[in-house]
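Have a look at the model, try each task yourself, and then read on.

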Amino acid sequence: MNKDNSSMQMDPELALRLLAEGAVLVIAGVPVGTEFGIDLCSYTIGPDFRGVKMIPPGVHYVWCASRGPYGDAAPRVGFVHFFHPNEILVREWDNELEELRPRQTTDPELERTRIRKNLAQLERVLAPYDYRYVYKWKDLTGSVTEACVNRCRPELGTIRTNIELESCTDADRPRGGTDSISKRNTAAKLLLDESEMLPYLKPVQGTAPRFCAVPTRVPQNSPPADVSRHAIDCIAAVDKLLEKFANNPDALIEEVQLSFVFFLVGYSVESLDHWRKVLALLAHSETAVSKYKLAFMKYSEVLAHQLPHLPEELMAPTMHNTVYKDVRELLVNLYAGGLMVNAERLIKRLAKQLNWHFEGLLDEDPEEQPVIIELPQ
């Protein structure tokens, strides 16, 4: 997020062009002192703040966080919207929920027409979009289309730090396999995994981001002979994932970008979990790199822009950091799959921006070699 509180300097002619082409976000009724943000920029709402002008066309994330009487900020609550040139979007403050909601009016189009006619008078209460951060935002969201936004955002539109949960019956609770082994191990699982004794909860309908389901590296109930094969190279799971995007191969890249900014800007825990699951899957298949070279070329470029924005706790270059560990494995497979140039480009960027180094990257790790056990005759 932006740390620079200085004013933005812009050429007057450029400002006029951006004003003529850009979209406008109008917000009403937001209390003074509320934190407000759009993309990588954040502000504190003052008495004369009514929204943002000069918004470049494309996907943008808008959020608010109410402040308590002692200055403590509530979790961010926001929404994602794909703005079109000259579009006017109106949101208002919901006093009960303390968040932005669509304008409650009988004729939204008439209101937008009135705003457009009086835009010259409204300009003084509209902050200009901060173009100092526009290139960073484009690097993070450049592939995201309107179709991806409509497909992935929650049905109810609002994105929260944590999704809302409600109780569900025992029959509705997601569970593992129902084979005899699972049944026999139920008591042991209860002793080893305390989560089995937690209340049965499920997401409230319409509140969760609608990302695709990421297959597990090792399919459930795989016979023992296949477990090692899937663990070493999870091409079957990668195939299953990419089959979901057969009609549009770039849609997975779009979803990866969108899930990351849901977390980066909106602090969405579920979105970070999805992003990490995709990384953990794509990083562990040399065969997939050879089979889907173009997809992995694009994915490595996306990671190069995303990884420098990781939270501090995920930046340590150690094998205890699962993100670092998965990126290292991905680099090994990029080399093995014939994408040496992409691997070297990613290594250089991570060394410069994160101080991540990958000594002995292509050396064989004895601990990762398969163990051969000779069975008795």
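**Exercise 1.** Find out whether Asp273 is buried, partly exposed or exposed, then identify the partner of Asp273 in a salt bridge.

*Solution.* 
- Step 1: Asp273 has a relative accessible area of 39%. Buried means under 20% and exposed over 50%, with partly exposed in between (1.4 Å probe, protein chains only), so Asp273 is partly exposed.
- Step 2: Asp273 meets the side chain of Lys277 in a salt bridge, 3.3 Å from N to O. The term asks for a side-chain nitrogen of Lys or Arg within 4 Å of a carboxyl oxygen of Asp or Glu.
- Step 3: Both residues sit in helix H11 (residues 269–282), four residues apart, which is about one turn of the helix. Helices (H or I, at least four residues) and strands (E, at least two) are DSSP runs, numbered from the N terminus.
- Step 4: Lys277 is partly exposed too, at 43% relative accessibility.

A word on the source: this is a predicted model, where local features need pLDDT of at least 70 and side-chain atom pairs count only at pLDDT 80 or more, while totals for chains, interfaces and linings use all residues. Residues are numbered from 1 along each chain as its sequence is written, and side-chain values use heavy atoms, with hydrogens and water left out.

**Exercise 2.** Work out how far apart Glu109 and Arg112 are in helix H2.

*Solution.* 
- Step 1: The closest N and O atoms of this salt bridge are 2.9 Å apart.
- Step 2: Glu109 and Arg112 are three residues apart in helix H2 (residues 108–117), so about one helical turn separates them.
- Step 3: Glu109 is partly exposed at 46%, and Arg112 is partly exposed at 27%.

**Exercise 3.** Locate the salt bridge between Glu255 and Arg151, and decide whether Glu255 is buried or exposed.

*Solution.* 
- Step 1: The two side chains meet at 3.5 Å, N to O.
- Step 2: This pair links distant parts of the chain, with Glu255 in helix H10 (residues 251–266) and Arg151 in helix H5 (residues 146–152), 104 residues apart.
- Step 3: Glu255 counts as buried at 1% relative accessibility, whereas Arg151 is partly exposed at 33%.

**Exercise 4.** Which residue's side chain does Ser66 join in a polar contact?

*Solution.* 
- Step 1: Ser66 lies in the loop between strand E5 (58–65) and strand E6 (77–83).
- Step 2: Ser66 is buried, with a relative accessible area of 9%.
- Step 3: The partner is Glu98, at 3.2 Å. A polar contact is a pair of N or O atoms within 3.5 Å; within protein, one must be able to donate a hydrogen and the other to accept it, and residues adjacent in sequence count only if both atoms are side-chain atoms.
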